[in-house]
Amino acid sequence: MKPFTVRKKLRTSARCQLCYFCEGSLTTGIVWDLSEGGWRAAGERPIPAGTESTVYMTILEGDQPHNILIDAAVVRWSDGQVAGWEILRMDETNRSRLTHFVEKLRSASPTEELLTGSLS
């Protein structure tokens, strides 16, 4: 059985590109769900739990791609090529852009409305 902790923030469905360093190589992946505190992603190859890396996430705001730099993130759990990441450190500008992006995703998601009870 895998150990787990309760997530601080609810994740929202997202599709973003991800680049990070793993075992000395630049690796890419796709973010499947996202919160202000972390994400679940599938990478090109397995990444072990406990791995820390600088991460570049590409988000779309309208038709414009924007890169978000996450200075440090850690893999909290890993199952093959799928892993759960937690943000450890990022600057305020990037954090603000990520928070704004997640809020926009949540406002567009009917699932979020069901979970938070904000349906009319």
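Visitor: Where is the place of Glu23?
Guide: Helices (H or I, at least four residues) and strands (E, at least two) are DSSP runs, numbered from the N terminus. By that numbering, Glu23 sits in the loop between strand 1 and strand 2.

Visitor: What pLDDT do local features need?
Guide: Residues are numbered from 1 along each chain as its sequence is written, and side-chain values use heavy atoms, with hydrogens and water left out. This is a predicted model: totals for chains, interfaces and linings use all residues, side-chain atom pairs count only at pLDDT 80 or more, and local features need pLDDT of at least 70.

Visitor: Is Glu23 buried or exposed?
Guide: Buried means under 20% relative accessible area, exposed over 50%, and partly exposed in between (1.4 Å probe, protein chains only). Glu23 has 65% relative accessibility, so Glu23 counts as exposed.

Visitor: What phi does Glu23 have?
Guide: Most residues other than glycine have a negative phi. Glu23 is not a glycine, yet its phi is positive. Strand 1 and strand 2 form a hairpin with two residues between them, and Glu23 is in the turn, with a phi of about 50°.

Visitor: Which residue forms a salt bridge with Glu23?
Guide: A salt bridge is a side-chain nitrogen of Lys or Arg within 4 Å of a carboxyl oxygen of Asp or Glu. Here the closest N and O atoms are 3.9 Å apart, and the partner of Glu23 is Arg45.

Visitor: How many residues apart in sequence are the parts that Arg45 and Glu23 tie together?
Guide: Arg45 counts as partly exposed, at 28% relative accessibility. Arg45 lies in the loop between strand 3 and strand 4, and Glu23 in the loop between strand 1 and strand 2, so the pair ties together parts separated by 22 residues.

Visitor: Are Arg106 and Glu36 buried or exposed?
Guide: These two form a salt bridge. By relative accessible area, both Arg106 and Glu36 are buried.

Visitor: Which residue forms a salt bridge with Glu61?
Guide: The closest N and O atoms of this pair are 3.8 Å apart. Glu61 is in strand 4 and its partner is in helix 1, 36 residues apart.

Visitor: What pattern does the chain follow along the sequence?
Guide: The chain has two helices and six strands. Read along the sequence, they come as β-β-β-β-β-β-α-α.

Visitor: In what order do the six strands close into a barrel?
Guide: Two strands pair if DSSP finds at least two bridges between them. The pairing in the barrel is antiparallel, and the order is 1-2-3-6-5-4.

Visitor: Which residue in strand 6 is the bridge partner of Trp39?
Guide: Strand 3 and strand 6 pair in the antiparallel sense over five bridges. In strand 6, Trp39 is bridged to Trp85.

Visitor: What angle does the direction of helix 1 make with that of strand 4?
Guide: Contact means heavy atoms within 4.5 Å. Axes are lines fitted to C-alpha atoms, for helices over the stretch in contact, and angles run from 0 to 180 degrees between N-to-C directions. Helix 1 packs on the sheet, touching strand 1, strand 2, strand 4, strand 5 and strand 6, and its angle with strand 4 is about 50°.

Visitor: What share of the chain's residues counts as buried?
Guide: The chain has 120 residues. The buried share is 36%.
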